[in-house]
Amino acid sequence: MSVVESIAISEATAAGDRRRAAKPEPLYAAVDLGTNNCRLLIARAATGGFQVVDAFSRIVRLGEGVGATGRLQPEAMQRTLSALRICAAKIRRQNVILSRAVATEACRQADNFPAFRDRVRRETGLKLEMIPAAEEARLAAAGCAPLLDPAIPHAIIFDIGGGSTELTWLEIDSDGHPVTLDALSMPLGVVSLAEQHGGHEVSPETYAAMSAATAAALAGFEARNNLRGLVDQGRVQMIGSSGTVTTLAGVHLGLPRYIRSEVDGCTLTFEEARRASRMLLGLDYAGRSSYPCIGRDRADLVLAGCAILEAICDTWPVGKLRVGDRGVREGILFDLLAEAQKRHA
């Protein structure tokens with residue numbers, strides 16, 4: 001081989017290496033359309049999980065009026081479509097290779113979801129998938145799994161949503177992996193409870209009624225699993241994934257604005273959560289709105305969430321919980337990454 005040929009081969013190899021090095025990592029997207037929020041995460045694979053490259057969240061209140069009418073309302077659908085257009089634009093701009101968009105409780109209850117799903121596909125290009133409650137609970141638990149303490153053999157993971165609350169009862173196996181033992185979906189969320197009992201002005205009696213309704217819905221789950229016995233032995237940990245829990249953490253920490261890095265993964269004792277909840281119960285709508293981690297968008301919903309949380313804490317007095325600003329979207333991303341890995345195996 002001549003020197004010229006050798007140089008040419010070396011240059012071609014170097015150019016190929018540069019092209020491979022410059023090739024962007026594939027991106028994945030997860031859209032979680034809940035009763036109250038529309039959320040998007042776009043991420044790439046990273047050691048031990050994924051790295052977020054773009055995100056979006058907007059309160060859309062898709063479930064507004066669904067409990068009373070059984071149908072998605074025109075204004076709610078319009079708000080949601082506006083948010084989904086932004087999600088779709090971000091997904092296209094980032095050249096995402098694999099994505100999943102899911103819809104939860106409000107769409108499960110709505111007779112006109114099929115027409116709305118078709119409209120979303122037509123106007124945004126997104127394929128919106130209505131998932132059953134069991135799948136929602138699985139995804140939320142999978143998204144929170146990195147927060148589990150492998151030294152504690154059991155866990156309760158809950159997600160207080162807009163139209164429902166999902167709970168998952170887990171066991172940590174000998175390899176440190178979570179195994180689902182049971183799951184529960186209650187048709188009680190911050191929107192559904194606030195619409196039923198009122199959210200702007202909440203009296204102590206109304207708050208107690210919301211908490212009692214939640215406790216009654218939890219009773220059967222406790223009876224068939226006897227979680228309380230293991231709680232009393234100190235063998236259960238708890239993770240809360242919801243706007244309610246992250247909001248209470250922000251209020252407790254006195255944050256001047258919501259800061260995810262301060263909230264996600266922090267520990268909130270039951271006494272701290274109860275103290276923050278009772279303080280908010282003593283305020284009117286304007287007073288709750290004045291908190292930067294609540295604002296006007298959540299001020300009429302936060303006490304319903306606090307009542308649900310209080311019932312969970314009273315039923316299973318673990319004493320503290322880890323706060324997760326994560327859930328269904330992260331669970332979807334873990335699934336997409338696993339699927340991509342299988343395709344390339």
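Biologist: Which element gives the largest share of the lining of the largest pocket?

Modeller: A pocket is an open set of points on a 1 Å grid over the protein atoms alone, with protein on both sides within 12 Å along at least five of seven lines, and lining residues have an atom within 4 Å of a point. Strands (E, at least two residues) and helices (H or I, at least four) are DSSP runs, numbered from the N terminus. Here the largest share of the lining, six residues, comes from β3. Please note that this is a predicted model, in which local features need pLDDT of at least 70, side-chain atom pairs count only at pLDDT 80 or more, and totals for chains, interfaces and linings use all residues. Residues are numbered from 1 along each chain as its sequence is written, and side-chain values use heavy atoms, with hydrogens and water left out.

Biologist: How much space lies in the largest pocket?

Modeller: A volume is the space filled by probe spheres set on the points, which are joined across faces, edges and corners. For the largest pocket this is about 910 Å³. The pocket is lined by 47 residues, and N37, R39, S57, G243 and R298 are the closest to its centre. Elements giving two or more residues to this lining include β2 (37-46), α10 (243-253) and α16 (328-343).

Biologist: Is V251 buried or exposed?

Modeller: Buried means under 20% relative accessible area, exposed over 50%, and partly exposed in between (1.4 Å probe, protein chains only). V251 belongs to helix α10 and has a relative accessible area of 12%, so V251 is buried. A contact means heavy atoms within 4.5 Å; not counting residues up to four places away in sequence, V251 touches A276, M279, Y291 and I294.

Biologist: What is the mean pLDDT of the chain?

Modeller: pLDDT is the predictor's confidence in each residue, from 0 to 100. The chain has a mean of 92, and 93% of its residues reach 70 or more. Over residues 1-10, however, pLDDT stays under 50.

Key: On a 1 Å grid over the protein atoms alone, a cavity is a set of points where a 1.4 Å probe fits but cannot get out, and a pocket is an open set with protein on both sides within 12 Å along at least five of seven lines; lining residues have an atom within 4 Å of a point.
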